[in-house]
Amino acid sequence: MSSTVSTSRGLLPPARIGTCETPNAGPSGSFSQPELEFNDTDDTELLSVSWNQDYGCFAAGTSRGFRIYNCDPFKETFRRDLKSGGFIIVEMLFRCNILALVGGGANSQYPPNKVMIWDDHQSRCIGEFAFRSEVRAVKLRRDRIVVVLEHKIYVYNFMDLKLLHQIETLANPRGLCCLSHHSNAFVLACPGLQRGQVRIEHFGLNMTKLIQAHDSQIACLTLTMDGLLLATASTKGTLIRLFNTMDGSRLQEVRRGGNRAEIYSIALSPNVQWLAASSDKGTVHIFSLRVRVVGEDSSAQSNAAQGLAMLQQNSSTALDALISPNTGANPGSSLSFMRGVLPKYFSSEWSFAQFHLPEDTQFISAFGSQNTVVIVGMNGSFYRCSFDPVHGGEMLQQEYVRFLKTESRPG
C-alpha cells in the first residue's frame, strides 16, 4: 500500500464539531500564527476554488493559506493567511470546522503528496495521510474521507482513519470523483478502467456499476445528493448526459454546443429540475431536465433516502421499487420520469438559459435559492444571477463581488 496514516489524540466525529462561523484563531501545530488582517494588496495568488457539499459555501486555496466564503449572503467567513505557504486543495465538510488540506504553490512548505485533516476549532492537524504520488483531490462525507491519486482512490473511515476500500482507475490527473451526501446512502462515482467509462460504487448495496458514458475520456461528473443520478461530460465537451446509477440507463442528453470545449463544472439543482454547466467558452448554460424528484420538500427527499437505505440493508430487495419510469410512481419512490418510453436514440436538447462570463477563465457554478445560480471564478470573482424558469434566455446578474484581487492564472 502506498500510503501512511498518522493520527493525533482528540479526533472528533464530524457531528460533534462546531461551526466555521466561530473559529478558534489561536495558533497550533505546524501552522504559523494566522495573519487575520484583510489585505489584498499583496501578491496573494488564487490556487483553487471549491464548493462545500451543499453549495452554500466555497473555499479558496491561496498561495498564503485559505479562505472560506458564505454565498447567501455573500461574505468572507474566515481566512488563514500563513507565512509557510499555501494550499492547492481545500475541501470543506459542509459548514463545520473540519477541512482537508493539500499543499501547493511556488513556496509552500506543505507537500503535495500529503493530506492534512485540519480542525480549525482546535487550530491543529488531527490526522495526516502521506502518499508516494501527488494528491489530485480529496472528498469528504461525515463518515468517510476519500483521497484521489492519479491511478488510485482510497476510502477511509472518518472516525479512526482506517482504510476501507481501494479503487483502481484510468489515469485521472483531474482527480475526478464525487460522492453522495445522504447519511444513509454512500455512493461514489469515478473514472473506470476504460476510456469514457464511469464506475459507480453503491457501498451499502455492495454493488459496482460500470457505465460507458462517452467515447472520449471523462472530463467532469457529478452525483445528486442521494447518489441516484449521475451527470457526465467528456473531454469533447459538446454533450452532457444523465444516467440512472442503479441500472446504468441513460435518461437524458443535453447539448452545450457544437464545438469542442472544456467543461469546468456540472451542477444539478436539489429538485433535479435544472442542470448547470460552465466551460472555457465563457458561458454558463442552464438545461431543463425531464427527471423529477417526487415532491420538492424535505419530507420527500427523506423518503427517498429511507428507500435507498432499505435497499442497502437488504440488497435482495427489488431495485425497481426505487426508480419508476412512470409519472404515477408511488410516494415511496425516489424518482419519476416523463410518461412513456424514450426511443433508443433521441435528439440532444439545447440550453434553456445562459449567462456570459470572461472566456478562458475557470468558473464553477451551482444552484442557489429561487431560480438563482452562483458562480465562482479563478480570477477571484463571484456572481449571483437569476433565470426565468418559464421563458429562459439570458440570465440577469444580481450580484458581483471581487473577493480576491489577484492576477492569478486561469485554471
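These legends describe close-up views of a predicted model.

Residues are numbered from 1 along each chain as its sequence is written, and side-chain values use heavy atoms, with hydrogens and water left out. Because the model is predicted, local features need pLDDT of at least 70, side-chain atom pairs count only at pLDDT 80 or more, and totals for chains, interfaces and linings use all residues.

**View A. The four-stranded open sheet, S10 to S13.** The strand order is S10-S11-S12-S13, and the pairing is antiparallel. Strand S10 (137-140) and strand S13 (163-168) stand at the edges. Each has a single partner strand, so one side of each lacks a neighbour in the sheet. From one strand to the next, the twist averages 15°. Strands (E, at least two residues) are DSSP runs, numbered from the N terminus. Two strands pair if DSSP finds at least two bridges between them. In general, strands of a sheet pair through backbone hydrogen bonds, either parallel or antiparallel.

**View B. The pairing of S10 with S11.** Strand S11 covers residues 144-148 and runs antiparallel to S10. Four bridges join the two strands. Ala137 stands opposite Val148 in S11.

View C. Asn244 lies in strand S20 (residues 239-244). Asn244 counts as buried because its relative accessibility is 2%; the cut-off for buried is under 20% relative accessible area, for exposed over 50%, with partly exposed in between (1.4 Å probe, protein chains only). The side chain of Asn244 reaches the backbone nitrogen of Met246 at 2.8 Å.

**View D. The cis peptide bond at Asp72 and Pro73.** A cis peptide bond joins Asp72 and Pro73, with omega about 0°. Pro73 sits in the loop between strand S4 (65-71) and strand S5 (74-81). Most peptide bonds are trans, and most residues other than glycine have a negative phi.

**View E. Phe94, a loop residue with positive phi.** Phe94 is not a glycine, yet its phi is positive, at about 50°. The loop that holds Phe94 runs between strand S6 (86-92) and strand S7 (98-104). Phe94 counts as buried, at 11% relative accessibility.

**View F. Asn206, a loop residue with positive phi.** Asn206 has a positive phi of about 55° and is not a glycine. Its place is in the loop between strand S16 (197-202) and strand S17 (207-212). Asn206 is exposed because its relative accessible area is 74%.

Technical notes. Polar contact = N/O pair within 3.5 Å; in protein donor to acceptor, adjacent residues only side chain to side chain. Axes fitted to C-alpha atoms, helices over the stretch in contact; angles between N-to-C directions.
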